[in-house]
Amino acid sequence: MGLISGLMGLLFGNSRNVLVDTAQVFRPNAERSAIRDADAKSESLQQFAAEFVHARQGLFDRAVDALNRLPRPMLALGTIWLFVMAMLDPDGFAAGMAGLALVPEPLWWLMGAIVSFYFGARHQAKEQDFQRVLAAAAVARQPGPAPDDTNPALRDWQASHGN
């Protein structure tokens with residue numbers, strides 16, 4: 001009986017479980033892993049929410065943004081409307097296309113440049129706004145001068161080194 005109790009004391013004594021400690025070397029603790037995953041998800045959701053907090057804009061800014069959103073849907077709907085008109089009024093459609101055929105080629109190049117620059121400038125402005133929001137979020141997440149008390153090992157190390 002002494003041999004078995006000695007073996008059990010060796011394996012499970014002193015508030016330790018040698019089998020569990022050994023198994024965790026080869027297989028991660030499921031409970032701790034779930035806690036880490038939940039913390040990571042929570043932190044990423046908080047960061048995501050912080051990145052998309054927008055400042056209130058005035059009436060003029062909102063009106064200009066609304067106007068800037070119109071060209072793409074108008075171009076798409078206009079193209080679909082051309083197909084509808086070709087079916088509903090083939091003669092009128094043919095007359096319109098004949099009129100477009102009379103437009104000189106340099107004017108088509110100018111139109112292409114204007115549309116390209118419009119969408120390119122809008123894309124660049126939106127990208128810069130997004131980068132500005134990301135930079136503000138990164139600055140907001142910088143740790144302050146206070147020590148991080150959530151890590152006991154770091155707190156103990158700082159205490160032992162006089163920090």
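**Briefing: an all-helical predicted model**

Asn151 caps the N-terminal end of helix H8, which spans residues 152-160, with a side-chain oxygen that lies 3.1 Å from the backbone nitrogen of Ala153.

**Whole protein**
- Of the 163 residues in the protein, buried residues make up 3%, where buried means a relative accessible area under 20%.
- The accessible surface of the protein comes to about 14000 Å², and carbon and sulfur atoms account for 67% of that area.
- When contacts between residues at least 6 apart in sequence are considered, 47% of them join residues at least 24 apart.

**Helix H8 and what follows**
- At the N-terminal end of helix H8 the cap is provided by Asn151, while just after H8 the residue Gly162 takes a positive phi of about 75°.

**Phe93 in helix H6**
- Phe93 is found in helix H6, which covers residues 90-101, and with a relative accessible area of 27% Phe93 is partly exposed, because that value falls between the 20% limit for buried residues and the 50% limit for exposed ones.
- Once neighbours within four places in sequence are left aside, Phe93 is in contact with Leu82, Met85 and Ala86.

**Nonpolar surface patch**
- Leu82, Met97, Leu100, Trp108 and Met111 make a nonpolar surface patch of about 450 Å², and the elements that give two or more residues to this patch are H6 and H7.
- Leu100, one of the patch residues, has its place in helix H6 and is partly exposed at a relative accessible area of 38%; that value therefore meets the requirement of over 30% that applies to patch residues.

**Aromatic pair**
- A search of the whole structure finds one aromatic pair, formed by Tyr118 and Phe119 in an edge-to-face arrangement with 5.0 Å from centre to centre and 75° between the planes.
- The pair counts as edge-to-face because the angle between the planes is over 60 degrees.
- Both members of the pair are partly exposed, Tyr118 at 28% relative accessibility and Phe119 with a relative accessible area of 25%.

**Salt bridge**
- The structure holds one salt bridge, in which the side chains of Arg132 and Asp129 meet at 2.7 Å, taken from N to O.
- How far apart are Arg132 and Asp129 in helix H7? They are three residues apart in this helix, which spans residues 105-140, and are therefore separated by about one helical turn.
- An α-helix has 3.6 residues a turn, so residues three or four places apart point the same way.
- Is Arg132 buried or exposed? Arg132 counts as exposed at 52% relative accessibility, because that value is over the 50% limit, whereas Asp129 is partly exposed with a relative accessible area of 36%.

Conventions: Residues numbered from 1 in each chain as written. Predicted model: local features only at pLDDT ≥ 70, side-chain atom pairs only at ≥ 80, totals over all residues. Heavy atoms only, no water. Helix = DSSP H or I, 4+ residues; strand = E, 2+ residues; numbered from the N terminus. Buried < 20%, exposed > 50% of the residue type's maximum accessible area, 1.4 Å probe, protein only. Contact = heavy atoms within 4.5 Å. Phe/Tyr/Trp six-rings, centres within 6.5 Å; stacked < 30°, edge-to-face > 60°. Polar contact = N/O pair within 3.5 Å; in protein donor to acceptor, adjacent residues only side chain to side chain. Salt bridge = Lys/Arg side-chain N within 4 Å of Asp/Glu carboxyl O. Patch = residues over 30% accessible without salt bridge, like charges linked within 9 Å, V, L, I, M, F, W, Y side chains within 5 Å. Areas by Shrake-Rupley, 256 points an atom, 1.4 Å probe, with all protein chains shown as cover.
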